[in-house]
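Grab a pencil and keep the viewer open. Let's work through a few exercises together, step by step.

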Amino acid sequence: MKITREELLRRSTRNMQGVENRIAEWGQRIISQVYDEGIFAQVTGGYRSHEQQAYLYGQGRPGYQFNGTKYGRRGKVVTNAKPGQSIHNYGFAIDFCLVTDNGQQAVWKVNEDWRRVASVAKGLGFTWGGNWNSFQDYPHLEWTHGMSWEELKTGKSPFDYPGFLLRRGSRGKRVKQVQVAVQIRTDGIFGPKTEEVIRHFQRKHCLQVDGIVGPETWVNFYR
Ligand SMILES: [Zn+2]
């Protein structure tokens, strides 16, 4: 029997405990949207405590200790991030995989369906680990707007990031994401047309009408 959307959402929700609320909400949207397209995917992981990160880091590093506890063991190295160095430690990252039609097995093949899941996520402002140059982390999605773990460690949130504000004159990838969200031509330049559409959007959603895309406006794109 074909796996249901509810079951995939249930599993994903369970695996997203501790993830920032809005990220978890968008994780569900991704799973639900691709389900409509006949793609069966689920979130496999989200928030990791420092101890959980130490456990991952310890694999393949037999002598490794963290806070006086031995985590090191044999095996293949799976991460270079020590506790505190992964976006997962701050609740702004999730991992996913595809599953078989009956939902009983994970499918780790990075095929067209896999890329489609990543693409839906990118439309919501996520960065996909499959696009990284140094090493590709295909299950990985993070929502940081370029903030590093060092910045997250200070307690800042990507939702409060000063560089987050997009306004008339802004350019680049994030402007394109905004244009995709409000369905206008995506040239990556925040010009008068973009501003007008944003003002209209803000009015419609009872937001402060300033034509500037900050966290509140951004979040409303994907509600
Ligand atoms: Zn990850």
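A quick word on the ground rules. This is a predicted model, where local features need pLDDT of at least 70 and side-chain atom pairs count only at pLDDT 80 or more, while totals for chains, interfaces and linings use all residues. Numbering starts from 1 along each chain as its sequence is written, and side-chain values use heavy atoms, with hydrogens and water left out.

**Exercise 1. Find the protein donors of the zinc ion and work out how they are spaced in sequence.**

Step 1: Know what to look for. Donors are N, O and S atoms within 2.8 Å of the metal (3.2 Å for Na, K and Ca), and since water is not among the atoms, sites may look incomplete.

Step 2: Pick out the atoms. They belong to H88 (NE2), D95 (OD) and H140 (ND1), at 2.0 to 2.1 Å from the zinc ion.

Step 3: Write down the spacing. The donor residues follow the pattern H-x6-D-x44-H.

Step 4: Buried means under 20% relative accessible area, exposed over 50%, and partly exposed in between (1.4 Å probe, protein chains only). H88 has 2% relative accessibility, so H88 is buried; D95 has 11%, so D95 is buried as well.

**Exercise 2. Compare the ring pair W108 and W114 with the ring pair W143 and F159.**

Step 1: Set the rule. Rings of Phe, Tyr and Trp (its six-membered ring) pair if their centres lie within 6.5 Å; planes under 30 degrees apart are stacked, over 60 edge-to-face, and the rest tilted. By this rule there are 15 aromatic pairs.

Step 2: Take W108 and W114. Their ring centres are 6.1 Å apart and their planes meet at 45°, so this pair is tilted. W108 is exposed, with a relative accessible area of 54%, whereas W114 is buried at 0%.

Step 3: Now take W143 and F159. This pair is stacked, with 4.5 Å centre to centre and 20° between the planes. W143 sits in the loop between β7 (140–142) and α5 (149–153), and F159 in the loop between α5 and α6 (173–181), so the pair links distant parts of the chain, 16 residues apart. Helices (H or I, at least four residues) and strands (E, at least two) are DSSP runs, numbered from the N terminus. Both W143 and F159 are buried.

Step 4: Zoom out. Ring pairs join W143 and F159 into a cluster that also includes W26 and F92.

Step 5: Look for a charge over a ring, meaning NZ of Lys or CZ of Arg within 6 Å of the ring centre and within 35 degrees of the ring normal. R22 lies over the face of F159, 3.6 Å from the ring centre, and R73 lies over the face of Y55, at 3.7 Å.

**Exercise 3. Which residues of the largest nonpolar core touch the most other members?**

Step 1: Define the core. A nonpolar core is a set of buried Ala, Val, Leu, Ile, Met, Phe, Trp, Tyr and Cys residues joined through side-chain atoms within 4.5 Å.

Step 2: Read off the answer. Of the 53 residues in the largest core, W26, F126, W218 and F221 touch the most other members.

Step 3: See who contributes. Elements supplying at least two residues each include α2 (21–36), β1 (41–45) and α8. The top contributor is α2, with 7 residues.

Step 4: Look for a separate core. A second one has 5 residues, including A54, Y57, Y64 and Y71.

**Exercise 4. Is T217 buried or exposed?**

Step 1: Locate T217 in helix α8 (residues 215–221).

Step 2: Check the value. With 5% relative accessibility, T217 is buried.

Step 3: List its contacts (heavy atoms within 4.5 Å). Leaving out residues up to four places away in sequence, T217 touches F201, Q202, L207 and I212.
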